[in-house]
Amino acid sequence: MTRRYMWLKTFVALILVFVFVSTLRKIGPKVALWYGWWDEYPDTVSNFYTALSQTKNVVLSTRWRERMLEVSHINVTQAANMGLNLSQTLHSYTWSELDLVNFPEFAFLPNFKNPCWRESYIPPVTCYTGNKPDIPSRHPTRSKLSLRCLPYFLIIGQPKCGTTDIYRRLNSHPDVTSPKMKESFWMERIRFRDGSVDMMWDNTFWPLLPGNEGCREPCVTNADMVHHLNPKASIIISLRNPIDRLYSDYLYESRWLHYQISRENFHQEVKQEIQEFNTCLLTNSVRACTYNGSHENAYSSKVRLRLGIYSVHVADWLRVFPRHQVHVIKFEDYIQDIENHMKSLFRFLDLRDLTKSEMTLILELEPNNIRNVNAQHVGEMLLDTRQMLTDFYSRYNKELTELLNNRKYLWEK
């Protein structure tokens, strides 16, 4: 009897837990809204982009998914293995909704440093932030005007160049409000229900965007769209010796792509990517090959060679943004003198000078994304690999030096 009674109690308890959880899922957002948690806090860029792009003409499209896979050069199985969820969550927008550069110019409130506006209706959010649906910032039926803001500065690249460290220290300034997430992913991929990390280089789906019809290389890039949304945006770029960036990226991405790392494997991957890139150059421009994902893509490549062709990516942003709105950091200089680089960034962003104690708190933050134990055991790349990459990148480093008028981007010893 006792055992049967205990079993019954357990069964009833499980039912109660199930009912309780189900109820919370239904009323949770309402509870938060009653207390004003989501209404009073300035909304972030991901929700703005959702409101901008959603005009209720969103439809499931198998053909659109096929085109995405085609231009990114992966298959459905690869996408699923990498958690891209294309088969389940992909939506296709109408052509006009993707054509951001032809949206009317926006009028922002005059008394905010950020580009801000107020609106009473926000469509329900279905954008994905990372691999999870974003939470609506306010209930769509509320009549109260909400403050909506875009960021007035953007850290756009590059991977493994200290951007996470810079981001954390910038957000530690008392006058900077942190977004709810480090990377909204929206500009590069979220419009296609997919995620990536960097706005500067990731134009993988450019053939699908309006304005690129008939183009052999992108006529419209992320830079054009960001400039149209906010022409006064301050752009921050961190660059590292592309050889060291590539090796660090190879070691780091193994966590997510689950491949075995070794110096020998890195050497073979580099050799193959260089050969394929040079083959592309026989019939295409450097810019076309840099943006061409046939020999390398943002999802599954162990070695992302083209991310280090900085001259192409930086030139596209300087084409639309004036030089005084673009702040470029050399990673190697930054890690040697973080304090003065942060002071320079604060001046660039028109932020007040910090007190000594405030700056101390920022400088005491621990570095981010250092190599894990497994990567440290691999050791440095082979000398032959470094020489091969030196020969490959030297041309593009020279172009970057001319573009930025600074010889330090030759990365000479």
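The legends below describe an overall view and close-ups of a predicted model. Residues are numbered from 1 along each chain as its sequence is written, and side-chain values use heavy atoms, with hydrogens and water left out. Because the model is predicted, local features need pLDDT of at least 70 and side-chain atom pairs count only at pLDDT 80 or more, whereas totals for chains, interfaces and linings use all residues.

**View 1. Overview of the protein chain.** The protein chain has 17 helices and 7 strands, taken as DSSP runs numbered from the N terminus (helices H or I, at least four residues; strands E, at least two). Of its 413 residues, 49% are buried, where buried means under 20% relative accessible area, exposed over 50%, and partly exposed in between (1.4 Å probe, protein chains only). Among contacts (heavy atoms within 4.5 Å) with a separation of 6 or more, 75% are between residues 24 or more positions apart.

**View 2. The open sheet β5-β6-β7.** Three strands form an open sheet in the order β5-β6-β7 with parallel pairing, two strands being paired if DSSP finds at least two bridges between them. Strands β5 (153-157) and β7 (326-330) are the edges, each pairing on one side only. Neighbouring strands of this sheet are turned by 25 degrees against each other on average, direction ignored, the axes being lines fitted to C-alpha atoms (for helices over the stretch in contact) and angles running from 0 to 180 degrees between N-to-C directions.

**View 3. Strand β6 between its bridges and helix α12.** Strand β6 (residues 234-239) runs parallel to β7 and is joined to β7 by 5 bridges; I237 has V328 in β7 as its bridge partner. Helix α12 (residues 310-320) packs on the sheet and touches β5, β6 and β7, its direction making about 170 degrees with that of β6.

**View 4. The disulfide of C215 and C219.** The count of disulfides comes to 2, a disulfide being a pair of cysteine sulfur atoms within 2.5 Å. One of them joins C215 to C219, with an S to S distance of 2.1 Å. The torsion about this S-S bond is about -110 degrees, so the disulfide is left-handed. C219 is partly exposed, at a relative accessible area of 42%.

**View 5. The disulfide of C280 and C289.** Here C280 is joined to C289, S to S 2.1 Å, and both cysteines are buried. The torsion about the S-S bond is about -100 degrees, so this disulfide is left-handed.
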